[in-house]
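Subject: Structure for you to look at

Hello,

Here is the structure I said I would pass on. Please open it beside this message; my notes follow below.

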Amino acid sequence: MQTNSRFHQTPEQLLSENQWVEAAKLNPVRFEPLYKKYYEQIFRYVYNRMEDVEDALDVTAMVFVKAMTKLNLYEFRGVPFSSWLFRIAMSEVYQHLKDTSKNRLVNVDVAGMRDVVDELNEDENEENKQLIIQLIGKLPEKELQLIEMRYFEKRSYKEIGEILGISENNAKVRSFRILEKLKREFKVSTNPKI
Amino acid sequence: MKRKITINRNIPSKNWINAQQDFNFVINRVNSKKNYTSKLRNWFSPTIASNWITIILLIALFN
């Protein structure tokens, strides 16, 4: 499966990015290059989970406000700064949805859906796809996060691991287990006698 | 939390998204938060704390 490789950076890029972070810790105005670099990625992440574009813009701004006010707590761990921003974005999205009682959006990407159907070894017909979409929509939040990041946002396991604060291998294993679970639930739904 | 599933939702263009950037807004929010926190911190600083003690003693005296 092809993944979106924008996240990955060379060790030199990571170190130079960390210099921006250190500069921003001393002077918030110096945060601007990081803001410009990651604004679009964070907005897309937030927008994929929220119905309203205005809400997505507000939450994106809040992600950066929070990141800047808590920047002193950030520690470089050899991964892109964006993984920290994504974690803040994740919690801001949930907080906003909780506060406003709005729907949590699950944006299913058709190409990604094809990969899921393929992984489940099922025929790619409309009926199967609809059933799988329903099953994905019922997954617990942590499992849904992983599936949407992997298949609908085309993130690599390395990136998913860094965003969720788990190892790349753990992300792979968890994803495999979720697919196995979907496979079982699919069989039960299509053949209730099993 | 209720969920809503959409399929292949239209995502705004890169240009549109980047046009929404407003670093000044973010930096102003950060500064106002910092001012608030430092004001709050000042109120509990030793100098202000001694003022509080004086006020409390005066209130106690007049009661």
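Helix α9 of chain A, in this predicted model, runs over residues 168–190. How far apart should the ends of its 23 residues be? At 1.5 Å a residue the helix should span 33 Å, and its end C-alpha atoms are 33 Å apart, so the two values agree.

Some residues of α9(A) are buried, namely A:Ala171, A:Ser175, A:Ile178, A:Leu179, A:Lys181, A:Leu182 and A:Phe186. An α-helix has 3.6 residues a turn, so residues three or four places apart point the same way.

Next, A:Thr69. This residue belongs to helix α3 of chain A, residues 53–69. A polar atom of the A:Thr69 side chain lies 3.1 Å from the backbone oxygen of A:Lys66. Leaving out residues up to four places away in sequence, A:Thr69 touches B:Val30 and B:Lys33. A:Lys25 is 44 residues from A:Thr69 in sequence, yet their C-alpha atoms are 9.2 Å apart in space.

Last, chain B. B:Trp52, B:Ile55, B:Ile56 and B:Ile59 make a nonpolar surface patch of about 400 Å². Of these, B:Ile59 sits in helix α3 of chain B, which covers residues 46–62.

Regards

Definitions and conventions:
Residues are numbered from 1 along each chain as its sequence is written. Chains are lettered from A and ligands numbered from 1 in the order in which they are written. This is a predicted model: local features need pLDDT of at least 70, side-chain atom pairs count only at pLDDT 80 or more; totals for chains, interfaces and linings use all residues. Side-chain values use heavy atoms; hydrogens and water are left out. Helices (H or I, at least four residues) and strands (E, at least two) are DSSP runs, numbered from the N terminus. The expected span of a helix is 1.5 Å times one less than its number of residues. Buried means under 20% relative accessible area, exposed over 50%, partly exposed in between (1.4 Å probe, protein chains only). Contact means heavy atoms within 4.5 Å. A polar contact is a pair of N or O atoms within 3.5 Å; within protein, one must be able to donate a hydrogen and the other to accept it, and residues adjacent in sequence count only if both atoms are side-chain atoms. Patches are made of residues with over 30% relative accessible area and no salt bridge: like charges are joined within 9 Å, nonpolar side chains (Val, Leu, Ile, Met, Phe, Trp, Tyr) within 5 Å. Accessible areas come from the Shrake-Rupley method with a 1.4 Å probe; for residues, only the protein chains shown count as cover. A salt bridge is a side-chain nitrogen of Lys or Arg within 4 Å of a carboxyl oxygen of Asp or Glu.
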